[in-house]
2 protein chains.
Amino acid sequence: MREPVPLRDIVIEARELFREYGYEGASMRDLAGRVGLRPQSLYTRFPSKEALVSEVLALTLEEMLEGLPDPDRNWRNAWRTLIGRIAQTLENHGRCVGLHLAYGVTSATPEAQKAVRVFFKSVQEAMTRILRSGKIAPPAATAADTLAQLEGATLWIATEGDNRPLKRAVRRALHLAGPVRRCGEKAELPS
Amino acid sequence: MREPVPLRDIVIEARELFREYGYEGASMRDLAGRVGLRPQSLYTRFPSKEALVSEVLALTLEEMLEGLPDPDRNWRNAWRTLIGRIAQTLENHGRCVGLHLAYGVTSATPEAQKAVRVFFKSVQEAMTRILRSGKIAPPAATAADTLAQLEGATLWIATEGDNRPLKRAVRRALHLAGPVRRCGEKAELPS
DNA sequence: GTCTATATCTAGATAGAC
DNA sequence: GTCTATCTAGATATAGAC
């Protein structure tokens with residue numbers, strides 16, 4: 001008798017595969033191999049490959065938003081933290097699992113499609129809430145555009161390994177919360 | 001004896017499939033069905049599925065750049081035309097075949113990877129050349145960022161069917177070439 | 001919960017007739 | 001250049017023993 005593989009481990013590996021190979025390109029066989037299971041054993045934990053999508057995105061959303069500073073207390077801090085987390089993830093992996101899935105899931109997998117939509121709407125809403133606290137107008141459109149710019153910049157990481165467009169997108173995003181700090185400069189901005 | 005299916009028709013249908021389903025999701029069987037051939041017959045026209053990628057992107061690049069106004073004569077006109085073409089294509093199809101392939105091809109298909117890299121570098125260079133003619137600095141980074149913003153905006157078309165982020169990205173891009181014309185306003189800008 | 005074994009389907013690609 | 005027929009490999013998913 002072996003001890004069960006933690007669900008979280010499976011989801012984390014599934015995310016890696018979806019991010020790298022997309023929905024179609026990721027296989028249950030590869031996933032099983034990565035977590036040390038036989039492919040068939042995955043189906044006792046998840047009903048289908050499609051079901052993994054919502055698990056992956058729920059985990060990603062949770063990691064992105066957990067312990068975020070309260071926007072009503074210090075919206076600039078919340079904004080910087082959220083943008084920093086998104087950018088760090090994109091830079092670490094060179095691509096966004098959400099974007100890969102957004103392009104990769106079709107109407108053949110409606111639950112997965114819905115999960116992707118919920119994911120990005122949730123991220124946008126979190127950003128919108130912060131910008132609204134900062135009286136940045138219009139908050140929803142600015143949030144959508146900011147996220148689109150960060151995601152779009154991954155094009156250059158994926159094709160050229162060039163992360164400078166992402167750095168500039170981050171800079172523009174942070175600029176919304178006031179002047180960007182230079183190196184070594186420790187600005188104390190009003191909350 | 002039937003008459004041969006034009007190569008161009010096959011490439012155009014392949015593009016449709018790659019754009020919608022990505023590299024992995026697109027199948028030679030579907031492609032054959034769309035052009036009225038048996039799957040096996042495709043291999044007398046193209047050596048492999050991978051080889052279709054460069055054909056698709058070469059055609060797309062050609063359509064994007066053919067007959068573009070000379071940047072040295074009127075760079076604003078060239079810029080508006082190119083941005084307009086890119087935006088129109090993205091809006092018509094709701095997604096970019098190049099971005100889907102950028103995310104979708106792996107090191108398992110190195111020729112396809114190279115084709116994607118060449119495609120985006122070529123688009124960037126065309127944009128860079130125009131911006132340089134307009135003395136917009138820095139031209140290369142501005143071109144990369146502009147393209148990234150347009151591509152990133154397709155996220156919202158793909159997930160929500162919302163093309164307003166793309167419209168705003170276009171507006172920002174056109175703003176680089178001077179004030180944006182209002183509806184009905186027929187500005188004559190200096191070349 | 002994991003395993004072996006298997007079912008079912010579809011993928012990309014090849015051989016040879018016409 | 002297109003066809004019929006076939007190969008080989010891989011995919012998702014299920015059944016039943018331990």
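The second largest pocket is lined by 17 residues, and B:T60, B:M64, B:R85, B:I86 and B:T89 lie nearest its centre. A pocket is here an open set of points on a 1 Å grid over the protein atoms alone, where a 1.4 Å probe fits, with protein on both sides within 12 Å along at least five of seven lines; lining residues have an atom within 4 Å of a point. This is a predicted model, in which local features need pLDDT of at least 70, side-chain atom pairs count only at pLDDT 80 or more, and totals for chains, interfaces and linings use all residues. Residues are numbered from 1 along each chain as its sequence is written, chains are lettered from A in the order in which they are written, and side-chain values use heavy atoms, without hydrogens and water.

**Pocket lining**
- By class, the lining of the second largest pocket comprises nine nonpolar, three polar and five charged residues.

**Relation of the chains**

**Residue A:Q149**
- A:Q149 is buried, with a relative accessible area of 12% (buried means under 20%, with a 1.4 Å probe and protein chains only).
- A:Q149 and A:Q40 are 109 residues apart in sequence and 40 Å apart in space, C-alpha to C-alpha.

Notes: Ala, Val, Leu, Ile, Met, Phe, Trp, Tyr, Cys and Pro count as nonpolar, Asp, Glu, Lys and Arg as charged, and the others, Gly among them, as polar. Buried means under 20% relative accessible area, exposed over 50%, partly exposed in between (1.4 Å probe, protein chains only).
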